[in-house]
Amino acid sequence: MATIEECRSALDKLSDSLRRADGEVRSAAAMDRTLSCHLTDLDTTFTGRLVNGRILVEDRVAGPPPAKAEIRLAMTGDDLVALVDGQLHFARAWGSGRVRLEAGFRDLLRLRSLL
C-alpha cells in the first residue's frame, strides 16, 4: 500500500509534469481551480489549487474533502502512484470506477486532453 508521503510525492511529480507540458496539455492545465484528491484507502485528502499548470498542495486533512473543490478526484493511494508513474491509464481507470473525477462540464471538456 502506498504511503501518504509517496502519494504527496506523486502529486509533486504530476505537478512538475504538467508544468513542463506543452500544446493542448499545457492549455488544459492552465486553469485556476480548487482541487481535492481523496485517497480512499488512506482516508486522507490533499487539497489545493490547479494554477498556471501547477498543482499547489495547500493542505492534507483526515477523511473526505472538507469543502467541495471545483475539481475532485478520489482513488486509492496505489492508483495515484500508478497513474503518475504511467502504469495505469487514466481513462480506463476512470471508466472502470477505480478513479473518480468530478468537475463542472466546461472543466471536464478542458481536462479531457489530460486524460
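**Strand pairing exercises**

**Exercise 1.** Find how many residues lie between β2 and β3 in their hairpin, and which residue in the turn has a positive phi.

Solution. Two residues separate β2 from β3 in this hairpin. Asn52, in the turn, has a positive phi of about 50°. The model is predicted, with local features needing pLDDT of at least 70, side-chain atom pairs counting only at pLDDT 80 or more, and totals for chains, interfaces and linings using all residues. Numbering starts from 1 along each chain as its sequence is written, and side-chain values use heavy atoms, leaving out hydrogens and water.

**Exercise 2.** State how many bridges pair β2 with β3, and in which sense.

Solution. Strand β3 covers residues 54–62, and eight bridges pair it with β2 in the antiparallel sense. Strands are DSSP runs of E with at least two residues, helices runs of H or I with at least four, numbered from the N terminus; pairing takes at least two DSSP bridges.

**Exercise 3.** Describe how β1 is joined to β2.

Solution. Strand β1 spans residues 32–39 and runs antiparallel to β2, with eight bridges joining them. Asp32 has Val51 of β2 as its bridge partner. The two strands form a hairpin with four residues between them. In that turn, Asp43 has a positive phi of about 45°.

**Exercise 4.** Is strand β2 mostly covered or mostly uncovered?

Solution. β2 runs over residues 44–51. Six of its eight residues are buried, so the strand is mostly covered. Buried means under 20% relative accessible area, exposed over 50%, and partly exposed in between, with a 1.4 Å probe and protein chains only.

**Exercise 5.** Classify Asp78 by its relative accessibility.

Solution. Asp78 lies in helix α3, residues 77–84. Asp78 counts as partly exposed because its relative accessibility is 39%.
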